[in-house]
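This report looks at charged pairs and at helix packing in one protein model. Please view the sequence and the structure below before reading on.

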Amino acid sequence: MTAPAKIPPKPPAHVEPYVRVLGPELAVTFFLEFGGGQLYLAERPKGGSRVEQLLGADQVAALAALHLPRRVPTAKPWIARHLKFTGLSHQEIARRLHTTDVTVRKYLADGDGKPQKWTHDPRQSSLI
């Protein structure tokens with residue numbers, strides 16, 4: 001009897017176009033390098049930008065053609081799930097994401113990869 005195949009984590013909708021164009025490994029590298037900042041993607045790259053050095057002209061042009069928002073998502077919850085899928089420990093993932101192992105565990109515990117939101121505990125009295 002063979003073990004069931006592991007299924008890679010599905011990227012959320014705002015991350016999916018990047019993963020579709022770049023593939024998961026290069027998308028992780030891209031998000032770690034440029035996530036959280038604004039980035040101009042030229043439809044006809046000229047060869048001098050850091051993003052083009054990382055991705056190549058064809059992939060920069062492919063991303064530019066999608067007319068994505070200028071601010072690149074950090075995608076940390078999805079990156080954490082992807083890195084766990086590739087076999088990294090919580091500690092290694094935390095170091096790569098520049099976050100704590102507690103945050104990584106929260107990312108991995110929630111099914112959709114988003115940190116769990118605080119919910120009201122009915123045993124606690126209201127402040128208002």
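## A pair within helix α1

Glu-16 and Arg-20 both belong to helix α1 (residues 16-22), where they stand four residues apart, about one turn of the helix. In this predicted model, their side chains meet in a salt bridge, with N to O at 3.0 Å. Glu-16 is partly exposed, its relative accessible area being 31%, whereas Arg-20 counts as exposed at 52% relative accessibility.

## The other salt bridges

Three salt bridges are found in a search of the whole structure. One of them joins the side chains of Glu-33 and Arg-50, at 2.2 Å from N to O; because Glu-33 lies in helix α2 and Arg-50 in helix α3 (residues 50-55), the pair ties together parts that are 17 residues apart in sequence. Glu-33 is partly exposed, with a relative accessible area of 42%, while Arg-50, at 52%, counts as exposed.

Asp-101 forms a salt bridge with Arg-105, and their closest N and O atoms are 2.9 Å apart. Both residues lie in helix α7 (residues 101-109), four residues apart, about one turn of the helix. Asp-101 is partly exposed at 23% relative accessible area, and Arg-105 counts as partly exposed at 39%.

## Packing of α2 and α5

Helix α2 (residues 24-34) packs with helix α5 (residues 76-85) at an angle of about 135 degrees, their axes being 11 Å apart, and the two helices are therefore oblique to each other. The crossing in which α2 passes α5 is left-handed.

The contact involves Pro-24, Glu-25, Ala-27, Val-28, Phe-31 and Leu-32 of α2, together with Trp-78, Ile-79, His-82 and Leu-83 of α5. These contact residues divide into eight nonpolar, one polar and one charged.

How values were computed: Residues numbered from 1 in each chain as written. Predicted model: local features only at pLDDT ≥ 70, side-chain atom pairs only at ≥ 80, totals over all residues. Heavy atoms only, no water. Axes fitted to C-alpha atoms, helices over the stretch in contact; angles between N-to-C directions. Parallel < 35°, antiparallel > 145°, perpendicular 65-115°, else oblique. Left-handed = near helix turned anticlockwise from the far one by under 90°. Contact = heavy atoms within 4.5 Å. Nonpolar A, V, L, I, M, F, W, Y, C, P; charged D, E, K, R; others polar. Salt bridge = Lys/Arg side-chain N within 4 Å of Asp/Glu carboxyl O. Buried < 20%, exposed > 50% of the residue type's maximum accessible area, 1.4 Å probe, protein only.
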